[in-house]
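Trainee: I'm about to look at this one for the first time, could you walk me through it?
Mentor: Gladly, have the picture open and we can go piece by piece.

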Amino acid sequence: LTSGGNNRFPIWTSDSKRLAFQSDRDGDLAIFWQPADGGAAERLTRPAPGESHAPESWSPKGDSFLFSITKGSDVSLWTFSLREGKATPFGAVHSSNPTNAAFSPDGNWVAYASAERGIGTIYVQPFPATGIKYQLFAKGSDSPHHPRWSPDGKELFYDANPKLTGFEAVSVTTQPTFAFGNAVTVPKLFLMAGMGLRTPYDIAPDGRLVGRITAGQMEYVRSSSDQIQVVLNWFED
């Protein structure tokens, strides 16, 4: 799809006709978008000196997207309006790691991770931001990160802790007031990732989890229970 420069962090537009991504083709780390079936790329953002821009999530309503601005060790969250062609800060969000922000399926909420002093915390804010934010207190975890919504918007998934072998999912209600339910453990069948990496998994529209493994490496996280491996003819191998 792309040519020229380094192109990373692709996200789909809400109509699946285009991809937005980060590119350094013009010498800075800006966001471009391009038709998914080919065609010329068009610049959307223009970073200030020392900044890098990366797309995070496209609004289901199709008129805006979330993106992060990294400058030094600070990561801030912004929105870009296609109608106005203008970027504005979102919800005073700052972090020392990628926020991995995600719109809810109805486009009315944004979940993101904010890490200060290496401690991850997940928040949800209404969209557009009103100044109110809801903090997820994840039991059994000191650094939840990488939030992702279920396709129906009724659950929020996240990495409970880089040292744990399972995701957690918590129910979400928005009416009459916003509230988190009790967390449940979801088995993780692929590799772990720390807070400093961009989301290593996603949730497909049919609810299946999509993850990654390292080529040639054993899928060592198969279930929450330990396994014993027996190797025959060890010396001959």
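What follows is a chat about the strands, the pocket and a few residues.

Trainee: Before anything else, what sort of model is this?
Mentor: This is a predicted model, in which local features need pLDDT of at least 70 and side-chain atom pairs count only at pLDDT 80 or more, while totals for chains, interfaces and linings use all residues. Residues are numbered from 1 along each chain as its sequence is written, and side-chain values use heavy atoms, with hydrogens and water left out.

Trainee: How many helices and strands does the protein chain have?
Mentor: The protein chain has zero helices and 18 strands, where helices (H or I, at least four residues) and strands (E, at least two) are DSSP runs numbered from the N terminus.

Trainee: And what share of the residues is buried?
Mentor: Of the 237 residues in the protein chain, 43% count as buried; buried means under 20% relative accessible area, exposed over 50%, and partly exposed in between, with a 1.4 Å probe and protein chains only.

Trainee: What about β3 itself, is it buried or exposed?
Mentor: Six of the six residues of β3 (residues 30-35) are buried, so the strand is largely enclosed by the rest of the structure. A30, F32 and Q34 point one way from β3, while I31, W33 and P35 point the other way. On to β4: two bridges join β3 to β4, F32 stands opposite R43, and G38, in the turn of the β3-β4 hairpin, has a positive phi of about 105°.

Trainee: Going back to β1, is P10 buried or exposed?
Mentor: P10, which is in β1, counts as exposed because its relative accessible area is 60%. Leaving out residues up to four places away in sequence, P10 touches L19, A20 and F21, where contact means heavy atoms within 4.5 Å.

Trainee: New topic: how much space is in the largest pocket?
Mentor: About 1,100 Å³ of space lies in the largest pocket, and of the 36 residues that line that pocket, the closest to its centre are W12, S57, R148, D202 and I203. A pocket here is an open set of points on a 1 Å grid over the protein atoms alone, where a 1.4 Å probe fits, with protein on both sides within 12 Å along at least five of seven lines, and lining residues have an atom within 4 Å of a point. The volume is the space filled by probe spheres set on the points, which are joined across faces, edges and corners.

Trainee: You mentioned R148, so where does that one sit?
Mentor: R148 lies in strand β13 (residues 145-149), and R148 counts as buried because its relative accessibility is 13%. Five of the five residues of β13 are buried, so this strand is largely enclosed by the rest of the structure.

Trainee: What does the side chain of R148 reach?
Mentor: The side chain of R148 reaches the backbone oxygen of N100 at 3.2 Å. Among the residues that R148 touches beyond four places away in sequence are E155, Y201 and D202.

Trainee: Which residue is the bridge partner of R148 in β14?
Mentor: The bridge partner is F157, and β13 pairs with β14 (residues 155-159) in the antiparallel sense over three bridges. The hairpin formed by β13 and β14 has five residues between the strands, and G153 in its turn has a positive phi of about 75°.

Definitions and conventions:
Polar contact = N/O pair within 3.5 Å; in protein donor to acceptor, adjacent residues only side chain to side chain. Pairing = 2+ DSSP bridges.
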